[in-house]
Amino acid sequence: EEFSLLNFRESMNDMITGQEPDKNRTSVSFRMTPDNSNLVVGVICHESRMENIIAKATENDAPDISSDDAIEILIDTPERSYFKITVNSNGAVLDESQDATIVARDTLPVLWNPGVKASVRREKYRWTAEILIPTKDFGTLGPTKVYPWGINVGRIRRAGGQADCFAL
């Protein structure tokens, strides 16, 4: 039986308290494209201080993307371990793979470039990201109930003056 990521939506919890925050909530949804060639991750980052979001990196693969208000996606599959995709509130993407097969092919973890695309929109009290992640390097197994993928999505919020971290 196939495992469906379609219409899966959850809210992230604060990594310190374990609770869903009263404000500045973050929700995430997942789906696969019909041909399973791409994983699509949608994130809504509610933000009471949009004027304070940190968004310095504007180019893909800039190492300082993780220092901005950003979304991080970690993926493990039955055949590959692990992939990390970071997208900041400008839509800049940093992707890397620690999988031995991928590193041997691409030389360094940060040289993995699967063609991730991010569409980010800023609104009055939130920013949203839709991230398309090609799955060709994830192997041929899953996602199914027998061969599930491990997906962890986190938000780094810096608009409050400190690094608040939320995860699903």
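1. Cys45 is buried, its relative accessible area being 0%. Here buried denotes under 20% relative accessible area, exposed over 50%, and partly exposed the range in between, with a 1.4 Å probe and protein chains only. The other cysteine to be considered, Cys165, is partly exposed, at a relative accessible area of 31%.

2. The structure is a predicted model, in which local features need pLDDT of at least 70 and side-chain atom pairs count only at pLDDT 80 or more, while totals for chains, interfaces and linings use all residues. Residues are numbered from 1 along each chain as its sequence is written, and side-chain values use heavy atoms, with hydrogens and water left out.

3. How many disulfides does a search of the whole structure find? The search returns zero, a disulfide being a pair of cysteine sulfur atoms within 2.5 Å. Cys45 is in no disulfide, and its nearest cysteine sulfur, that of Cys165, is 12 Å away. Cys165 is likewise in no disulfide; for this residue the nearest cysteine sulfur is that of Cys45, 12 Å away.

4. Along the sequence the order of elements is β-β-β-β-β-β-β-α-β-β-β-β.

5. Regarding overall dimensions, a compact globule of 168 residues would have a radius of gyration near 15 Å, and the 16 Å of the protein agrees with this. The radius is taken over C-alpha atoms, and the globule rule is 2.2 Å times the number of residues to the power 0.38. Along the principal axes, the C-alpha atoms fill a box of roughly 45 × 35 × 30 Å.

6. Of the 168 residues, 43% count as buried. The accessible surface comes to about 8900 Å², and 49% of this belongs to carbon and sulfur atoms; the areas come from the Shrake-Rupley method with a 1.4 Å probe, and for residues only the protein chains shown count as cover. Among contacts between residues at least 6 apart in sequence, 56% join residues at least 24 apart, contact meaning heavy atoms within 4.5 Å.

7. A search of the whole structure finds three aromatic pairs. Rings of Phe, Tyr and Trp (its six-membered ring) pair if their centres lie within 6.5 Å; planes under 30 degrees apart count as stacked, over 60 as edge-to-face and the rest as tilted. Phe83 and Trp112 form a tilted pair, 4.8 Å centre to centre with 45° between the planes. Phe83 lies in strand E6 (residues 81-88) and Trp112 in the loop between helix H1 (100-106) and strand E8 (117-122), so this pair ties together parts 29 residues apart in sequence. Both Phe83 and Trp112 are buried.

8. Phe83 also forms a tilted pair with Phe138, at 4.5 Å centre to centre and 40° between the planes. Phe138 lies in the loop between strand E9 (126-134) and strand E10 (150-157), whereas Phe83 is in strand E6, so the pair ties together parts 55 residues apart in sequence. Phe138 is buried, as is Phe83. Ring pairs link Phe83, Trp112, Phe138 and Trp149 into a cluster.

9. Pro109 is placed in the loop between H1 and E8 and is partly exposed, with a relative accessible area of 21%. Not counting residues up to four places away in sequence, Pro109 touches Asp95, Glu96, Ser97, Gln98 and Val103. Pro109 and Leu168 are 59 residues apart in sequence and, C-alpha to C-alpha, 24 Å apart in space.

Note on methods. Helix = DSSP H or I, 4+ residues; strand = E, 2+ residues; numbered from the N terminus.
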